[in-house]
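Below are some questions and answers on one structure, for a reader who has the sequence and coordinates open.

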Amino acid sequence: MATFLIGLVILFVGAAIYGKFCEKVFGPDDRETPAYSKQDGVDYVPMRGWKNSLINLLNIAGTGPIIGPIQGILFGPIAFITIPIGNVIGGAMHDYFSGMICLRDGGTQMPDMVRRYSNKGVFTVYNIFLSVLLLLVGAVFIYTPGDIAATQVFGFSGAVNDPTTWIIYGVIFVYYLIATVFPIDAIIGRIYPIFGAILLFSAVGVFIGLFVKGYPLLNLWDNWQSATFNYGEYFTAQHFIPVFFITVACGILSGFHSTQTAIISRTMKSERQGRMTFYNMMVLEGFIAMIWAAAATYFFHNNGMEENNAAVVVDSITKEWLGAVGGVLAILGVIAAPITSGDTAFRSARLIVADFLHMEQKTVVKRLMICIPMFIVAIGILLYSQKDKDGFDMIWRYFAWSNQTLAVFTLWALTVYLVQAKKLYVITLIPALFMTAVCSTYIFVAPEGFGLSSGFSQLLGLLVTLIVFGIFLVWKRKKV
């Protein structure tokens, strides 16, 4: 338990110090925000600070901070340290600067930011990754909440040939369409506070349960061989670097978040709300990730590793610790999290396509012209994931890698911005270099990638990182 508590101290104390530091580097001021200067009643709408914060939390907190840590804790108690450190200096920093730069630049979407702070080739590759990621997010965040709702709430089979499965998927799809097309304050702004309260209830309830149950979580200095699992063996065999940082993803760093902070940059009343809205909400997501990582060790300790299924872990923990009613509310929070990320993933995709095509979005017909083709593609991905027994696992792995690769593009764009603004760029450069190495090494070593040996993959990952760093140094020398 001591390592877990140390991790929480690192998370919250580190966030208080580093978040303030990031704010000082960027330098928010009192200029008019796009919510007022471009107000259109659809996407540019001034909203209260607390509401923006809750919406942003739900936008970014999908199943990632739940499923990722449940898988990531298999690497051992080191997860309790790497999650908070990565969150403070990586993920929260990434969310803050991406959101604030979009806000400062007039509420631009991420492709516009990347295009402005990179070159045509990088921008083209980024757009490909972004399009794939947003569609995968939409499909994944229909499948996961639909599966949990079917099996853990309603008691259905969740099987592909069960009509109830597709009825639940259909209901989620209809909601996504409504939330994507309607003005942001008409649907999202009204129901997200309720979803946010449920999500926080589930997280706090499980957190309290950790201490009530009193299960002694492993520490870094303990023997990593528990009664049911050898964490040390898994740590070595599964390649902690890079696999851990791809698996945990949203609790540490997520490229998807930059597409969501861009949405909120259009509804903020003041730049000074940025630290709470962007940085602190990512820290809160890191807290949720820490809670579920700890809860998963309790589950595995009592049930073994045979049932290594996130839906089963969540259902068992919430109902055992919070009772029948509390368990249902907690499950609803877990279901709401991916749904409230899925709807804004489609909303982001709509805005990005609209900006690319220079298509105004004040009329419903124009919005539907973009939304309907996107939903057709997402349905196709969902059908594949259900038809093939390994389909969802494959989609999830590609989603995780694409997500972190997108973060690499964002971190390099942030670094270029800070160089041009003559600000302290090293705070984004170091995470950019690290994640370049992680993502390139992963695709070389992963079975769904090139499937090369670990040592050779790490060598290639290092080579890619050095090449990218060299290109950056050459550019910087010319710029300066």
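Predicted model: local features only at pLDDT ≥ 70, side-chain atom pairs only at ≥ 80, totals over all residues.

Q: Which helices does the salt bridge between E23 and R275 tie together?
A: The side chains of E23 and R275 meet with N to O at 3.9 Å, inside the 4 Å limit for a salt bridge. E23 belongs to residues 2-26 and R275 to residues 274-303, so the pair ties together parts that are 252 residues apart in sequence. The two helices are α1 and α13.

Q: Is E23 buried or exposed?
A: Buried means under 20% relative accessible area. E23 has a relative accessible area of 15%, so E23 is buried.

Q: How many of the 30 residues of α13 are buried?
A: The count uses a limit of under 20% relative accessible area. α13 is largely enclosed by the rest of the structure, because its buried residues number 23 of the 30.

Q: What is the volume of the largest cavity?
A: The structure holds two cavities of 30 Å³ or more. The lining of the largest cavity includes I73, F80, Y215 and T297. By class, this lining has seven nonpolar, three polar and no charged residues. The volume of the largest cavity is about 70 Å³.

Q: Which element gives the most to the lining of the second largest cavity?
A: The second largest cavity holds about 50 Å³ of space, and among the residues that line it are G64, I246, W396 and N403. The elements that give two or more residues to this lining are α4 (64-72), α11 (240-247) and α16 (391-420). With four residues, the element that gives the most is α16.

Q: How many charged residues does the lining of the second largest cavity have?
A: Asp, Glu, Lys and Arg count as charged. By class, the lining of the second largest cavity has seven nonpolar and four polar residues. The number of charged residues there is none.

Note on methods: Residues numbered from 1 in each chain as written. Heavy atoms only, no water. Buried < 20%, exposed > 50% of the residue type's maximum accessible area, 1.4 Å probe, protein only. 1 Å grid on protein atoms, 1.4 Å probe; cavity = no way out; pocket = protein on both sides within 12 Å on 5 of 7 lines; lining within 4 Å. Points joined across faces, edges and corners; volume = space filled by probe spheres on them.
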